[in-house]
Amino acid sequence: MKSKNKITILTLLFFLWLNFANSQNLKILKDSIYIDNSYVELQELKINSKNEYAKNKIYRTIQSTYDIFDGLYFDTAEKRIKAKKDTISNRILKGTLKESNTGFENYEIYYDRNNIINISIGISSYGLAYTNEQYYNFDLNNGKEIDLSFFINKKVLLKKCRFKLKIEEGEVNISFQLSDLTNFKIIKDNKNNVKGIDFLVKDHKNYYHHANGSYVNIVHFNWKEIEKYISPQYKNRLLKN
């Protein structure tokens, strides 16, 4: 019996370690609130880092994505998710939840290793069909967004992306722009090895008439296709165990 308990405890510890290893710096805090006879989930991204400057710089960037608090900044995820719940509770009591265009944010963590962070922040509005999603890539060493410097030979990569969008995806009405190279998510396997990159492409011409601003096309590169376009400084960190 003791042996079985020991195995169970070791198994639980292993999965807790695995969960920590899979996400070195990030965690999604979750809470819920009761609205219209059901519970709605609230989320907030928490950054675990001793680099306070970089952490606050990233917090300021992601909190300004949809600016649901009219510019008010929170230095911890715990404070912000509490403010979300308190604000929504107050609007429910006043009966102003719908007219306030209350936004519900949700987060996805795609990559979090060697101080490279790849996430998305989505939003949906209560009572409205509006949704949107924004992708971010950060360097936790300095808190800066990883922009086009993530890639080299960008003109060649852009040409390749346009070819894939037109030929492989069959999309002839959407133009892949240089700015679309910053909207990507890193694809990894269950061992955290990078398998490729998905570029998320917006319909720039019909932005407000197409999925409420959501990304509408994915251009996929496997690792062998994309590695030659990744800047060495970032490529080495992606390959580091």
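**Reading the aromatic rings**

Guide: One aromatic cluster is formed by Phe-150, Phe-151, Phe-176, Phe-184, Phe-199, Phe-221 and Tyr-234. The model is predicted: local features need pLDDT of at least 70, side-chain atom pairs count only at pLDDT 80 or more, and totals for chains, interfaces and linings use all residues. Residues are numbered from 1 along each chain as its sequence is written, and side-chain values use heavy atoms, with hydrogens and water left out.

Visitor: How many aromatic pairs does the rule count?

Guide: A pair of aromatic rings is described by the distance of the centres and the angle of the planes. Rings of Phe, Tyr and Trp (its six-membered ring) pair if their centres lie within 6.5 Å; planes under 30 degrees apart are stacked, over 60 edge-to-face, the rest tilted. The count here is 12 aromatic pairs. Phe-150 and Phe-151 have ring centres 5.1 Å apart and planes at 80°, so this pair is edge-to-face.

Visitor: Are Phe-150 and Phe-184 buried or exposed?

Guide: Both Phe-150 and Phe-184 are buried (under 20% relative accessible area, 1.4 Å probe, protein chains only). Their ring centres are 5.1 Å apart with planes at 35°, so the pair is tilted. It links distant parts of the chain, 34 residues apart: Phe-150 is in the loop between β6 (144-145) and α4 (154-168), Phe-184 in strand β7 (residues 184-188). Strands are DSSP runs of E, at least two residues, numbered from the N terminus; helices are H or I, at least four.

Visitor: Which charged end sits over the ring of Phe-221?

Guide: A charge sits over a ring if NZ of Lys or CZ of Arg is within 6 Å of the ring centre and within 35 degrees of the ring normal. For Phe-221 it is Lys-164, 4.9 Å from the ring centre. Arg-60 lies over the face of Tyr-73, at 3.8 Å from the ring centre.

Terms used:
Buried < 20%, exposed > 50% of the residue type's maximum accessible area, 1.4 Å probe, protein only.
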